[in-house]
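Subject: Structure for your review

Dear colleague,

Please find below the structure that I am handing over to you. I would be grateful if you could look through it alongside the notes that come after it.

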Amino acid sequence: MTLRMIHGYFNEKGCITPAGGTFSAGWQSPSNIALVKYWGKKEGQVPMNPSLSMTLSKAVTRTKLSASPGGEPAGLISVNREADHPFVPKMKVLLEQLVPVIPCLSGLAIRAETENTFPHSAGIASSASGMSAFALCLLDIAVQMTHTKPSPCEWDAMASEASRMGSGSACRSVYGGFALWGKTNLVPSSGDDHAVDVSRGVHPVFLSMHDAILIVSSGKKQVSSTIGHGTMPGHPYLEGRIRQANVNTGVLLRALAGGDFEQVASVSENEALSLHALLMTAMPPIILVKPATMEIINRVQEARKGGMPVFFTLDAGANVHVLYPKDAAGPVEHFINEVLVSFCEDGRVIYDECGPGPVKLGMDLEKVPQ
Ligand code: DP6
């Protein structure tokens, strides 16, 4: 069972569908940046190792759904009024995974409107924000249809579990601050089914951390993350990688709790470089970093040696996330403008920071006051 929480909650709950009624839901959900990387998965979107991420604030997807029971073919009809919108296949897969465990979603004709606050090509994980926003909307509709009220804990776990089926990294986006996904003995509540919020154990300096995303290349990536994950079974460094990720998770959790910036920096950089080392040593090799990526990395490391509180991490792409405490924003952003921007495509930098997680929206896509 890969959707344990959702199955347990909705099992045998009947849905109440008023004749001619249409259900709607709107959610805004953020992207996140992993400091310990999810890399490699088993069947059922189960991660090979624990991962730990910081949720972003400004890089969000806003999605609204309208769902009508009966009268039309069931399923996802359109995204932004297009039947063949590029997001449709991945969103359909998520819906198909949820229908067997939330049967009342089965007869619905669903239309989605969605927008990102960041450019698709920016190298920010749009599947994390996009899939979590869609999963939150579907779950919201399921709750309306069953006239139930999950507790905040149940809601978070189910939202994370549903998001995971759309994209692994998306399951961490349903929490603000810092989230951990994947079973580790270090955190008793952790598991592979859904992520957990670990922000309570994080020093305030990291809960307001800034992330400047330096766009080295906005071109389409050479390979998707999904293909990249597929290189891990049979990878010569697989065992070592799993061991390393577990060790790094423990070190990072302790460093985050203790406010140890230097340790957070070195573990995060080790993870980013290990991810790319795994990509480069896959067969066939996958090289995503560009010369400008390495130039930025070298300068960030030099700046830290010189006493500036700054470090980098990378996703599966060429762009560089440069992280620094809020208090150091003045000098670090000066350094970015004076030194690093020259390596960016058209001087592009997207400034973001640690954020509070998803927000429920009205159908006008405005935030619903809590
Ligand atoms: C390098 O979550 O995009 O960003 O589960 O196949 O959708 P799928 O992959 P995805 O992989 C993210 C990989 C990563 C590291 C991370 O976010 O942990």
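The notes below concern a helix pair and then a sheet with its helices.

Please bear in mind that this is a predicted model.

The helix pair

Helix H3 spans residues 126-146 and helix H4 spans residues 152-166. Their axes come within 8 Å and cross at roughly 130°, so H3 and H4 are oblique to each other. The crossing in which H3 passes H4 is right-handed. On the H3 side, the contact is made by Met131, Ser132, Ala135, Leu136, Leu139, Asp140 and Val143; H4 contributes Trp155, Met158, Ala159, Ala162, Ser163 and Gly166. Sorted by class, the contact of H3 with H4 holds nine nonpolar, three polar and one charged residues.

The sheet

Four strands form an open sheet in the order S10-S11-S9-S12, and their pairing is antiparallel. Strand S10 (311-314) and strand S12 (349-353) are the edge strands, each pairing on one side only. From one strand to the next, the twist averages 25°. Strand S9 (residues 210-214) runs antiparallel to S12 and is joined to S12 by five bridges. Within this pairing, Ala212 has Tyr351 of S12 as its bridge partner.

Helices on the sheet

Helix H9 (residues 291-305) packs on the sheet and touches S9, S10 and strand S11 (320-324). The direction of H9 makes about 150° with that of S10. Helix H10 (residues 329-340) lies across S9, S11 and S12, and H10 runs at about 150° to S11.

With kind regards

Technical notes: Residues are numbered from 1 along each chain as its sequence is written. This is a predicted model: local features need pLDDT of at least 70, side-chain atom pairs count only at pLDDT 80 or more; totals for chains, interfaces and linings use all residues. Side-chain values use heavy atoms; hydrogens and water are left out. Axes are lines fitted to C-alpha atoms, for helices over the stretch in contact, and angles run from 0 to 180 degrees between N-to-C directions. Helices (H or I, at least four residues) and strands (E, at least two) are DSSP runs, numbered from the N terminus. Angles under 35 degrees count as roughly parallel, over 145 as roughly antiparallel, 65 to 115 as roughly perpendicular and the rest as oblique. A crossing is left-handed if the near helix is turned anticlockwise from the far one by less than a right angle, and right-handed if clockwise. Contact means heavy atoms within 4.5 Å. Ala, Val, Leu, Ile, Met, Phe, Trp, Tyr, Cys and Pro count as nonpolar, Asp, Glu, Lys and Arg as charged, and the others, Gly among them, as polar. Two strands pair if DSSP finds at least two bridges between them.
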